[in-house]
Amino acid sequence: MKTNYRNVTLLGGYFKEKELLNRSVTLAAVYDRFSESGRIRAFSCDWKEGMPDRPHFFWDSDVAKWMEGAAYVLSRENNTDLQNKVEHLIDEIERNQGEDGYFNIYFTVCEPDKRFTNRDWHELYCAGHLMEAAVAYYEATGRDRFLRIMEKYADYIEKVFMIDKSAPYETPGHEEIELALYRMYTCTGKDKYLRMMAHFLERRGQSDNHEAQIFGAARYAQSHLPIRQQKEAFGHSVRAMYLYAGMTDLAVAKKDDELLDACRALFEDVTKKKMYITGGIGSTCMGEAFTAAYDLPNNTAYTETCASIGMMFFANRLFKADPMRDSRYADAVELEFFNGAMSGLSLDGECFFYENPLEIYLDERRRIISTHDHERFPITQRPKMFGCSCCPPNIVRLLASLGEYIYAYDEERDTVFINQFAESVYDDGERRVKVSTVYPEDGVIRIESDTPFAVRMPGWCKSFGADKPYRAENGYAYFEKGTVTVTLDMTPYLVNASLGVVRNIGKAALRRGPIVYCAEGVDNPALFTRYFDKTAARNAVVSKDERLGICLSVKGYRRLENVKGGLYAPLDEAFEDCEIKLIPYASFANRGESDMAVYLFYR
């Protein structure tokens, strides 16, 4: 199964809008913030005590992700200024790389005696992101200098961790280098990188691996069991997604069915017990981690943007790895893209959320009036940058490579799979598929293909129609080559959570197609007194706001106050009809501070 973003050209619609926003605004905005914060300057490796902008040990990775995103953009367009920025960074990396191949800003200028001494200090994580950037840049431009620099670094890492075994730990605290080494392997064809990748994965959680555990908890960094025995998702949610994505890559490379079964089990555990309706994962700020099954609080949801992007990495790999070609994996990619990932980016492309709550009640945040104490809640407005600014460049590299998720070619079936519905062309030199659609504005998708193709039948879609015969299998409609028009039922509907999610009992959320909706107080005063009419969702009025996207208006009820002059009175519920206006969840918090809710009561 092959995917390649360079074979896909976006022509219009939501995907194209986000690609253009990234290219014209976000890419430069992230670079500018990294310049202002000292991250770009830090690559000169001349910082001294007493100087401003002391480097942090994860700064390399922030900039490396930006470089990777820039490489994807450069594969599409000639941009001398952008290429010069990347080349300058490569110059600095080359100039400051140790004779032994080592490169890390912090451990070169701040604590050189602490190199590879602490498992959670992100050296292997930073190395991995630099390697991914080097591969992307080579594939985009044909320039191999950066790749050769990273090969030298990989040689040193192999020496430290596999030959000399001189580090006091065996596996990275934050997974990522596993994904990078697999890309180095597929790019160069050198088996050494596959062996290194396998080493870091296979040594995790082994009984004779006595490395120190982060926070004293093996589950936090997924080190509690060997990888084939891991069937439940634990720990830091981004680290987990990167690990599971790496496990899937290794399962493919080694044709390891046992490992692939573990990956499937982990996907099931996350999507059926630990995922928000928006695709958000990682419920708590404590360790940015998974919590117990069904523990999905709305107002304190952590749901890091990077975790949603990580789930896209994992699910897309599972689709390619699973010979059954199950549509659930592409469903998960779609859910994350339209909701959990894109809520991390402001509509103007310059500001970002790290956390993505499902409810904001402003008065709740102001209730402590007798002391100077503060309760912790996710912030209500997107800033332009964070001290830990991993999410902005992750969005940059995602939006610059969207074609990776839209199509895939299955050589055994000689079939092009259409996984995401974007106005676009797939052309690999031998096959060509064109998709015309305004999705998700409506569900009409026209496909012209000179090769057999398969169209995802979304799990949320209650009625799938086509004007040509097809064979349905595992959530895909298989067609012969030709022209087909597919129609997806986009009727809005209410969704309730399992009773295990006790905070949502008696509540529902509204969904239309791939989009999960929320209501904001700016449109709905006294928001939390509003109830959905449980029979009215299918009759929602659909409208397009040029800024917010596809919006809905549904019939609802507003509960009236029956307590006069006090706090309590005998139960006497009274309601009046009202309208509830809803916007795509990913568009919330773009009009100033406001109450917000994904789930509302219904009657």
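**The largest pocket**

Start with the lining of the largest pocket, which holds 17 nonpolar, seven polar and 23 charged residues. This is a predicted model, so treat each stop as a look at a prediction. The volume of the largest pocket is about 1,500 Å³. To find its centre, select M1, K2, T3, Y182 and K320, the closest to it of the 47 lining residues.

**The second largest pocket**

Move on to T271, M275, Y276, I277 and L335. They lie nearest the centre of the second largest pocket, which has 28 lining residues. Now colour helix 11, helix 13 (328-341) and strand 13 (493-495): each of these elements gives two or more residues to the lining of the second largest pocket. Helix 11 provides the largest share, five residues. The volume here is about 760 Å³. By class, the lining of the second largest pocket has 15 nonpolar, six polar and seven charged residues.

**Along helix 11**

Stay with helix 11 and select the whole of it, residues 257-273. Stop at A262, which lies in this helix. Is A262 buried or exposed? A262 is buried, because its relative accessible area is 0%, and the cut-off for buried is under 20%. Show what surrounds A262. Beyond residues up to four places away in sequence, A262 touches I227, R228, Q230, K231 and M247. Then draw a distance from A262 to A251. These two are eleven residues apart along the chain, and their C-alpha atoms are separated by 9.7 Å.

**R317 in helix 12**

Next, select residues 305-321, which form helix 12, and pick out R317 within it. R317 is buried, with a relative accessible area of 18%. Which residues does R317 contact, leaving aside its neighbours within four places in sequence? They are L179, A245, T248 and D249.

**Q83 in helix 4**

Jump to helix 4, residues 80-96, and centre on Q83. Q83 is buried as well, at a relative accessible area of 17%.

**Helix 6**

Select residues 123-141 for helix 6. How far does helix 6 reach from its first C-alpha to its last? It spans 27 Å over 19 residues, close to the 27 Å expected at 1.5 Å a residue. Helix 6 is mostly covered, with 16 of its 19 residues buried. Then step past its end to G142, which follows helix 6 and has a positive phi, near 80°.

Now turn to strands. Select strand 1 (residues 8-12) and strand 5 (residues 423-427). They run antiparallel and are joined by four bridges.

Zoom in on Y426 of strand 5. Its bridge partner on one strand is V8. In strand 6, Y426 has V433 as its bridge partner. In a regular strand, side chains alternate between the two faces of the sheet.

Follow the chain from strand 5 into strand 6. The two form a hairpin with four residues between them. Stop in the turn at G429, where phi is positive, about 95°.

**The cavities**

Finish inside the model. How many cavities of 30 Å³ or more does a search of the whole structure find? The search finds four.

Begin with the largest cavity, which holds about 50 Å³ of space. Select its lining: E19, N22, R23, Y72, V73, R76, L399 and A400. Helix 1 (13-36) and helix 3 (59-74) each give two or more residues to this lining. The largest share, three residues, is from helix 1. Colour the lining of the largest cavity by class to see four nonpolar, one polar and three charged residues.

Last stop: the second largest cavity, with a volume of about 40 Å³. Its lining is made up of N118, R119, W121, H122, E123, L124, Y125, Y169, P172, G173 and H174. By class, the lining of the second largest cavity divides into five nonpolar, four polar and two charged residues.

Conventions. Residues numbered from 1 in each chain as written. Predicted model: local features only at pLDDT ≥ 70, side-chain atom pairs only at ≥ 80, totals over all residues. Heavy atoms only, no water. Buried < 20%, exposed > 50% of the residue type's maximum accessible area, 1.4 Å probe, protein only. Contact = heavy atoms within 4.5 Å. Expected span 1.5 Å × (residues − 1). Pairing = 2+ DSSP bridges. 1 Å grid on protein atoms, 1.4 Å probe; cavity = no way out; pocket = protein on both sides within 12 Å on 5 of 7 lines; lining within 4 Å. Points joined across faces, edges and corners; volume = space filled by probe spheres on them. Nonpolar A, V, L, I, M, F, W, Y, C, P; charged D, E, K, R; others polar.
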